[in-house]
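Subject: Structure handover

Hello,

Here is the structure I said I would pass on. My notes on it follow below.

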There are 2 protein chains.
Amino acid sequence: MRSVSIVGIGQSPVGELWNRSARQIAADAISAAMADARIENADALYVGNMLSGTLLEQEHLATLIADYCGLTGIEAAKIEAACASGSAALRTGIMAIASGFHDCVIVAGVEKMTDTVGKDTTAGLATAADAEYEAMHGVSFVALNALLMQRYMYEFDLPLDAFAGFSINAHKNGANNPNAMFQEAITRNDYVRAPLIATPINMMDSSPVCDGAAAVILVPSEHAHRYTTGNHRGAVRILASASATDTIAVHSRRDPLFLQAAETSSQKAFAQAGIQRSDLDFFEVHDAFTIMTALSLEATGFAKRGEGWRLAQDELIGIRGELPISTMGGLKSRGHPVGATGVYQIVESVLQLTGTAGANQVANAHIGMAQNIGGSGATILTHILGT
Amino acid sequence: MRSVSIVGIGQSPVGELWNRSARQIAADAISAAMADARIENADALYVGNMLSGTLLEQEHLATLIADYCGLTGIEAAKIEAACASGSAALRTGIMAIASGFHDCVIVAGVEKMTDTVGKDTTAGLATAADAEYEAMHGVSFVALNALLMQRYMYEFDLPLDAFAGFSINAHKNGANNPNAMFQEAITRNDYVRAPLIATPINMMDSSPVCDGAAAVILVPSEHAHRYTTGNHRGAVRILASASATDTIAVHSRRDPLFLQAAETSSQKAFAQAGIQRSDLDFFEVHDAFTIMTALSLEATGFAKRGEGWRLAQDELIGIRGELPISTMGGLKSRGHPVGATGVYQIVESVLQLTGTAGANQVANAHIGMAQNIGGSGATILTHILGT
């Protein structure tokens, strides 16, 4: 298997981009990534996206974007795995290079969730759950996470503000990310006074509905030097790529509070990379809701069951903490354009590993991990990157 | 790159399967393929599907199906490339084995297009076109193909029944396929008297709206013998896998009557397989509309521009003809459950290559090609299989 490296990254700002269509937002990220890698063409484009059919009445999205970007003719396909679509597209791109089918691949994630005339974004997001056994009964995606958070607080006897530190950390980091949707720090008081969305989830526990796109350029590691001469930031190597699933419906799980797919995919990834958990310099978690952060940290082995919330402290997860998480704001503050999120995590990991993360630079960052979750833990991909 | 072989196939009947949901239809095909390969688990499931979000309010489809099939835990992702989704999923599976990431992969294609309460299948199919520049103006998918057929008839001065032979051949072959939606031969008179759908496309030019699923099991060719002992039909090798795109909108093409992506992907495939066009023993074409059959035969090099329709004769394309096409009924008679079609073509090719195609067996079939088209020629994948 050929080793795969990232030699270019690009991202659009995240937000309510009412004056940009999905294809335009994707093109913003792709053209930035192509300029970063100094390429004018590629062999293939894999696009992570969840909701273009449901919200935009547009399937065939990858070919549409290739065409709009002036890449007409190259292979193109869209990959969908709910909110894990971005990392699933990345994994397809990795396989395309690793197999030898291609020598230069663009992976993009894009989602357009706002300004979708006549379409219900909440109903769209519920398509990540089981349509016949969950969504049909009126359970929205926030509601599913609220049930998990309620159960967690009940089992471990916790107050609501046990989760505050995750949100405060995300917003503190997002304040320094020029592409983040929310570039403003919050206080514990802001968290406590935030309106409830679906009890016990409040506005500060939840990532926002937004638009955005991110892209990376993949090449065989043995070719990376061709792209990184001069003042380029340098290449980053994919050390591991792993994917695992769980039951789609939360009610089918033996223990709804344990993310089995996070454990499986992270263990596979550690084995592929040949590293220990303790070797990681940072961890881009899928903090779509604060409860997901706690559950991810537990399943990935950073905390015992019921103790993930204890890590929600600046000295542990802050930029200068033991294991920085959500270093550019995470899903909470940078934003969560669902199919793009997995690629944003990779773009931000590359910034950290190449010393170009600006004010949020993690010192001596050599190995980082990104974990992207689809649905309420049903699909989880873990990637480990290193220099 | 590791060589990849198919060691199991499965398919559901194609039709209006009102008593089966998408996950059930997919499970029918997957369990048949797993039984055929005599396996009880796999490393990954890649699902080709176009319309689950639009028509069924269900994304996250691959994980849902893995879960429903008792494969909970394995990697799963959905691949979308409009009507070429099935072969795009196949290609992902091939890359997963070729790269060495996996040793046993299930590729399934599934579509549920009928009995979708409150959803418009015609509007769903139009999401394969450009939503903002084609579909928004009311152009349905049939209408786009009608414009192409009209132009072709005008440029080459043809009567409507020039295309009849393609439909007659498909129905003749479908009559012997127990899984075909239409198992009845038609006459030239049936064709001529068929009602018009979108002038000049009549009911016999057009493939039907239907439900169905097909699946194949992929393994490294060097492991194939482990699965094919005893009375198994034997393995079939993937000799080539190639994908190419064109402009998404028909109006953007230099020549709307030339399928550039068919030429590109078939040329790539011939080079990969190291064969000539004349080495092919049969060709599974994407006969969603008879005009597409003519254009595919031209772009793939079997006829000159404007002369593809001349091949619509039994002695040329029939089972005992020079180059049999649509050997089990094609999209026209077997049916066209869009995201599943690319996998049906592969399943039927395996039947031919292993001498298990029954009454429609092509004599001495050693090398076959399948071509799957997304949109009006915007995404085209070509696979070549051999024994």
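This is a predicted model: local features need pLDDT of at least 70, side-chain atom pairs count only at pLDDT 80 or more; totals for chains, interfaces and linings use all residues.

Pro200(B) sits in the loop of chain B that runs between β5 (196–198) and β6 (201–202). In chain A, a cis peptide bond joins Thr199(A) and Pro200(A), with omega at about 5°. Pro200(A) is likewise placed in a loop, the one between β5 (196–198) and β6 (201–202) of chain A.

Another backbone point concerns Asp157(A), which is not a glycine but has a positive phi of about 55°. Asp157(A) belongs to the loop between α6 (141–155) and α7 (164–174) of chain A.

**How the two chains are related**

Chain B superposes on chain A by a rotation of 180° with 0.0 Å of shift along the axis, and the RMSD is 0.0 Å. The two copies are therefore related as by a two-fold rotation axis. Within chain B, Ser99(B) has the C-alpha nearest the axis, at 1.8 Å from it. Both copies use the same surface, since 100% of the contact residues of chain B recur in chain A.

**The interface**

The contact draws 57 residues from chain B and 57 residues from chain A. About 4500 Å² is buried between chain B and chain A, and carbon and sulfur atoms give 55% of that area.

On the polar side, 30 residue pairs are in polar contact across the interface of chain B and chain A, counting pairs with both residues at pLDDT 80 or more. On the side of chain B that touches chain A, at least two residues each come from α2 (52–56), α3 (61–68), β3 (75–80), α4 (85–98) and β8 (236–245) of chain B. Sorted by class, that side of chain B holds 25 nonpolar, 21 polar and eleven charged residues.

Strand β3 (residues 75–80) of chain A pairs with β3(B) in the antiparallel sense, over three bridges. Glu80(A) has Lys78(B) in β3(B) as its bridge partner.

**Salt bridges**

How many salt bridges are there over all chains? The count comes to 32, and between chain B and chain A it is six. Arg91(A) forms a salt bridge with Glu75(B), and their closest N and O atoms are 2.8 Å apart. Another salt bridge is formed by Glu132(B) and Arg23(A), where the closest N and O atoms are 3.6 Å apart. Glu132(B) lies in the loop between α5 (121–125) and α6 (141–155) of chain B, and Arg23(A) in helix α1 (residues 22–37) of chain A, so this pair joins two chains.

**Arg2(A)**

Arg2(A) is in the segment before β1 (4–11) of chain A. Where does the chain come back to Arg2(A)? Ala98(A) is 96 residues apart from Arg2(A) in sequence, but the two C-alpha atoms are 4.4 Å apart in space. The side chain of Arg2(A) reaches the backbone oxygen of Ile97(A) at 3.1 Å. Leaving aside neighbours within four places in sequence, the contacts of Arg2(A) include Gly100(A), His102(A) and Asp103(A), and also Pro220(A), Glu222(A) and His223(A).

Regards

Terms used. Residues are numbered from 1 along each chain as its sequence is written. Chains are lettered from A and ligands numbered from 1 in the order in which they are written. Side-chain values use heavy atoms; hydrogens and water are left out. Contact means heavy atoms within 4.5 Å. Buried area is the accessible area (1.4 Å probe) that two parts lose on being put together, summed over both. A salt bridge is a side-chain nitrogen of Lys or Arg within 4 Å of a carboxyl oxygen of Asp or Glu. A polar contact is a pair of N or O atoms within 3.5 Å; within protein, one must be able to donate a hydrogen and the other to accept it, and residues adjacent in sequence count only if both atoms are side-chain atoms. Helices (H or I, at least four residues) and strands (E, at least two) are DSSP runs, numbered from the N terminus. Ala, Val, Leu, Ile, Met, Phe, Trp, Tyr, Cys and Pro count as nonpolar, Asp, Glu, Lys and Arg as charged, and the others, Gly among them, as polar. Two strands pair if DSSP finds at least two bridges between them. Copies are superposed by least squares on the C-alpha atoms of residues with pLDDT of at least 70 in both.
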